[in-house]
Amino acid sequence: MILFLIKSTLALGLLYGMYHFLLSRESIFKFNRFYLLTALVFSLVLPFIQMPQVIPSVQEKSNQIWNQWELKQPLVDLEETNLPSELKEVQEKSLAQVGSQEKEVNQSKISWVQVIIAIYFFGLMLFSTRFLLQLIGMRKLLKNNSQIDKGSYRLVLLKEDLLPFTFLNYLFVSRSQYQALGIEPEILEHELAHIQQKHSWDILFVEVLKCIFWFNPLLILYKKAIQLNHEFLADEHVLRKFENRVSYQYLLLNKVSDIFGYHAMSSAFNFRITKRRLIMMGKVSHPMRLTFLKLGSFFLAMLLFFTLTSSRVGNDLGFFISEETDGVEKFEKLLSEGFSEEKPFVLELQKLNLEALRQVYFNLNEEERNQISHFPFFDEVTYEQLLMLQKEYPRVVTTITYSIPPDKKEIKEEVFDLWKKTKNVELFIDEEERPFETLNQYERTDFAFFEVRETSPKKFLKKPEYSIKLMTHDFYHQKYFETPKTIQTISAQYPNSDQAEVFYALRYVKMENGKMEEFIPKNFEASIFHHLRTIDTEELDFDNKRSTINYVMGEQFSISIIKKTKNQFKIFSFPSVTF
């Protein structure tokens, strides 16, 4: 949504700037009407258009060039056995950690998201009510005043002494002036031009947009520009019929008065822009200049189209990416298309062009493959299952969550001062041990993150010892946003709101002896995608309270099932699949 607002507002602003500074000064009123209405529709639809990325789109370039996890560890042939209790504890703690991280992220977002949503709907209700009241006011005018059917329009005789104005096919005039034949033919013709050219529909369209996008001030400028151009069009119609510009201009000057009124959605006669109208009546534009301006507006629209559309590289269009971009950047660019706009560490599978991504991956050399994001799903069997899972969207909504960086921590002034006075402290700045006196060279605001641990407890005649680990802002950004990130979980959500989640970070577990022990089955990734696609959460036994995490090494793995409707959570064992 934020990206939509940025793109649409940028397009609205640039197109309005083109009109205000160039087109509005020329006597091409019909073209300007088309331009303004098209600019509104074009700007609001543009962010939703998806097109092949023939010209690179203006999107945030991913600077997260991550190293791939090492996936070359040999598989260990183990005898049939249950998963050790130590690994169970590792898994449970890891799952709890990921759950707490997601919970913290959601809790931090939920408050301001709810506030923004509440403010938006309050504004929507307020402006919609205002719009309805205006329509009701117009209906009362029609109901409380007599009308005369004139065939192509209806004449409404008002009791108030107002200047003529129109709405839809109704022409509102003062009863006393009409009966006294005090309304000049040019004025009536001007108002009839509004009816014939259906100007009210333009105003109604803008008013609806103002209700939906009430927070966007550009719509106010567009409405004023459209109304002003309506006056130019009506004046042009009058001058074509009466062919006496000086007389008509003199008539307009006489009609300028402080006593007038008009409805907010009507085409009003005066509109307080008499001077501008008089200038435009005598405006003569050079045909060549008009041609260049029209072409310029077209090229501006095309520029916005190619830069603000939600581009996506087509299956057979991978070669359109600039040749100057190396293989790693190509891979990252394709992968970045799948990241969620609201959650930048969550990859949405349905957004990815897997075929193009795989093609770029196989063109990378060994060194380049160690520099790309962790997405190790390109072997034949796994890739086939991944494609099948992607095709299940929207029945199965699959997401891949990468490691989420810790929130920044602000050091309180009294705490920072206390550190400087504390003894028996090891100091680490940006993961390098430093002399403790180095801390005096920094301000507390220089650090983005800190961690304090007790390295040696207090003993008899011995004070406790601590270690303080600090990260500067630059190091924090480099560590968590410019260095390798790893996949934490692979999740799927189903139509009944149930969710299945595999803690993929357990792909490798470091034991205390420093060696890697494989306790996951063969065809692990392919089995994950197969089960997420075929699982039926309704058939799983949630009533049995006994744990179902009983592994057979190399043959089974766990999937956590969350039933949100019943607030139930349970971990089940699933077998490896032979393909």
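Phe299 lies in helix α10, which covers residues 287-308; helices (H or I, at least four residues) and strands (E, at least two) are DSSP runs, numbered from the N terminus. Phe299 is exposed, with a relative accessible area of 54%. Here exposed means over 50% relative accessible area, buried under 20%, and partly exposed in between, computed with a 1.4 Å probe on protein chains only. Together with Met288, Phe292, Leu295 and Phe298, Phe299 forms a nonpolar patch on the surface, with about 560 Å² of accessible area for the group. Such patches consist of residues with over 30% relative accessible area and no salt bridge, where nonpolar side chains (Val, Leu, Ile, Met, Phe, Trp, Tyr) are joined within 5 Å and like charges within 9 Å.

The model is predicted: local features need pLDDT of at least 70, side-chain atom pairs count only at pLDDT 80 or more, and totals for chains, interfaces and linings use all residues. Residues are numbered from 1 along each chain as its sequence is written, and side-chain values use heavy atoms, with hydrogens and water left out.

**Overall composition**

The protein chain holds 17 helices and 17 strands. Of its 579 residues, 46% count as buried. The chain exposes about 32200 Å², of which carbon and sulfur atoms supply 56%; accessible areas come from the Shrake-Rupley method with a 1.4 Å probe, and for residues only the protein chains shown count as cover. Among contacts with a separation of 6 or more, 71% join residues 24 or more positions apart, a contact being heavy atoms within 4.5 Å.

**Nonpolar cores**

The largest nonpolar core has 44 residues, and those with the most contacts inside it are Phe331, Leu335, Phe375, Phe377, Ile490 and Ile528. A nonpolar core is a set of buried Ala, Val, Leu, Ile, Met, Phe, Trp, Tyr and Cys residues joined through side-chain atoms within 4.5 Å. Helix α12 (residues 354-362) contributes the largest share of this core, 5 residues. Beyond its neighbours within four places in sequence, Leu335 is in contact with Leu347, Leu352, Leu357, Ser373, Phe375 and Tyr402. Apart from this core lies another, of 32 residues, among them Ile203, Val206, Leu290 and Leu300.

Helix α5 (residues 185-196) has 12 residues and should span 16 Å at 1.5 Å a residue, which agrees with the 16 Å between its end C-alpha atoms; the expected span is 1.5 Å times one less than the number of residues. Of the 12 residues of α5, 9 are buried, so the helix is largely enclosed by the rest of the structure. The buried residues in α5 include Glu186, Glu189, His190, Glu191 and His194. Lys198, which follows α5, has a positive phi near 55°.

Lys7 belongs to helix α1 (residues 2-21) and is buried, with a relative accessible area of 4%. The C-alpha atoms of Lys7 and Leu304 are separated by 9.2 Å, although the two lie 297 residues apart along the chain.

**Salt bridges**

Side chains of opposite charge can pair when their charged atoms come close. The structure holds 19 salt bridges, each defined as a side-chain nitrogen of Lys or Arg within 4 Å of a carboxyl oxygen of Asp or Glu. Three of them are tabulated below.

| Salt bridge | N to O distance |
|---|---|
| Lys210 and Glu207 | 3.8 Å |
| Glu392 and Arg395 | 2.8 Å |
| Glu432 and Arg434 | 3.9 Å |

Glu432 is partly exposed at 47% relative accessible area, as is Arg434 at 26%. Salt bridges that share partners join Arg130, Glu207, Lys210 and Lys223 into one network. Lys210 and Glu207 are 3 residues apart in helix α6 (residues 199-212), and are therefore separated by about one helical turn. Lys210 counts as buried at 12% relative accessibility, and Glu207 counts as buried at 1%. Glu392 is partly exposed at 24%, and Arg395 is partly exposed at 36%.

**Backbone features**

Most residues other than glycine have a negative phi, and most peptide bonds are trans. A cis peptide bond joins Tyr393 and Pro394, with omega about 10°; Pro394 is found in the loop between α14 (380-391) and β7 (397-402). Ser497, not a glycine, has a positive phi of about 75° and sits in the loop between β12 (487-493) and β13 (499-503). Asn523 likewise has a positive phi, near 55°, and is placed in the loop between β15 (516-517) and α17 (524-534). Ser497 is partly exposed at 29% relative accessibility, and Asn523 is partly exposed at 35%.
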